[in-house]
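Work through the following exercises with the model open beside you, and try each task before you read its solution.

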Amino acid sequence: MAVEYGDQHEQELWKQLKDEMCSSKTNNWLYNFSTVKDKPADLGYYMGYTIAREYYKNATDKNQAVVEIIEMNNPLVFLEKSKYDLKEKSALIISYV
């Protein structure tokens, strides 16, 4: 259910996550099963999956990419290297063509 919802609302979720990314609040993304009403709980896991998927997709050495995903310790650097934010822009460009 979370993957289906996430795939349908990915750009919206990304915009929301960017607004809260460097906040210490996680209640909108993790451990919110008892409080979320209008969407699946724990969508932070979905967003992490999509960012890791983009990282892997853009890597030239897939084996090394798996190691780097597992050993990732700096989420902002990882996000930048994933080029996930560029995915949004290219998707928007394609939708207007």
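**Exercise 1: the largest pocket**

The largest pocket has a volume of about 540 Å³. This is a predicted model, in which local features need pLDDT of at least 70 and side-chain atom pairs count only at pLDDT 80 or more, while totals for chains, interfaces and linings use all residues. Residues are numbered from 1 along each chain as its sequence is written, and side-chain values use heavy atoms, with hydrogens and water left out.

Task: find which residues of the lining are the closest to the centre of the largest pocket, and which helix gives the largest share of the lining.

Solution. Begin at the centre, where L17, M21, G44, G48 and P75 are the closest of the 20 lining residues. Next, turn to the helices (DSSP runs of H or I, at least four residues, numbered from the N terminus): α2 (10–20), α3 (43–58) and α5 (75–82) each supply at least two lining residues, and α3 gives the largest share, six residues.

**Exercise 2: E20**

Task: decide whether E20 is buried, partly exposed or exposed, and list its contacts beyond its neighbours within four places in sequence.

Solution. First locate E20 in helix α2. Its relative accessible area is 24%, and since buried means under 20%, exposed over 50% and partly exposed in between (1.4 Å probe, protein chains only), E20 is partly exposed. Then, leaving aside those neighbours, E20 is in contact (heavy atoms within 4.5 Å) with N28 and W29.

How values were computed: On a 1 Å grid over the protein atoms alone, a cavity is a set of points where a 1.4 Å probe fits but cannot get out, and a pocket is an open set with protein on both sides within 12 Å along at least five of seven lines; lining residues have an atom within 4 Å of a point. Grid points are joined across faces, edges and corners, and a volume is the space filled by probe spheres set on the points.
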